[in-house]
Amino acid sequence: MNICVFCASSQHIDLKYIDLAGQVGAELAKRGHTLVSGGATVSCMGAVTSAARAAGGRTIGVIPQVLVDIEIADEESDELIVTPGMRERKGLMDARSDAFLVLPGGIGTLEELFEIWTARVIGIHDRPLVILDPWGLYEPLRQLVTGLYDEGFTRADVFDAISWTTTVQEAFTHLEARTQPVRPSVAELGEATG
């Protein structure tokens, strides 16, 4: 499988997040998967790709030109794709991936998460989407989405479209499992994205 990992590029985070990314990269390679990443060498992005390669895994990096220009492109990727901008980057990462794993990250990671999650909820794809959150960073997000459901802004199957995990092993169990498609009705579509 090609597994896309969305994660942090911030260099001002606790080392535990970088260590987690390294564990994910190593496990991904150990299981024979290919990593699709944001193509940068910094922070969690750099850790996941370095660990995957060190464990014998193949890496595909997708990076916008603006980040190549500031010299953080992962030139050691087995395949490095440079895009004109962020939208093209996300589109290629999506197109090249069989499953998606979201690690702790910032607003860029959240943007990637929401785009893939929304597409899953409205039935555009049925690929696994997993959040790995050992320390509860995303718990306020989970509560927010629960509140959106309680207020009628989304359907219950918004939760069927994603798996929340706390360990690397649990995350890969969900990534490698066959997922059930989410097929909204016409009446529900407005609720899914509204």
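**Close-up 1. Cys 7 and Cys 44.** The sulfur of Cys 7 has its closest cysteine sulfur in Cys 44, at 5.3 Å, which is too far for a bond. With a disulfide taken as a pair of cysteine sulfur atoms within 2.5 Å, the count comes to 0 disulfides. Cys 7, at 5% relative accessibility, counts as buried, and Cys 44 is buried with a relative accessible area of 1%, where buried means under 20% relative accessible area, exposed over 50% and partly exposed in between (1.4 Å probe, protein chains only). The model is predicted, with local features needing pLDDT of at least 70 and side-chain atom pairs counting only at pLDDT 80 or more, while totals for chains, interfaces and linings use all residues. Residues are numbered from 1 along each chain as its sequence is written, and side-chain values use heavy atoms, with hydrogens and water left out.

**Close-up 2. The aromatic pair of Phe 6 and Phe 100.** Across the whole structure, a search finds 5 aromatic pairs (rings of Phe, Tyr and Trp, the last by its six-membered ring, with centres within 6.5 Å; planes under 30 degrees apart are stacked, over 60 edge-to-face and the rest tilted). Phe 6 and Phe 100 form a stacked pair, 6.0 Å centre to centre with 10 degrees between the planes. Because Phe 6 lies in strand β1 (residues 2-6) and Phe 100 in strand β5 (residues 99-102), the pair ties together parts that are 94 residues apart in sequence; strands are DSSP runs of E of at least two residues, and helices runs of H or I of at least four, numbered from the N terminus. Both Phe 6 and Phe 100 are buried.

**Close-up 3. The cluster of Phe 114, Trp 117 and Trp 164.** Ring pairs link these three residues. Phe 114 and Trp 117 are 3 residues apart in helix α5 (residues 107-121), about one helical turn. Phe 114 is partly exposed at 36% relative accessibility, whereas Trp 117 is buried at 2%.
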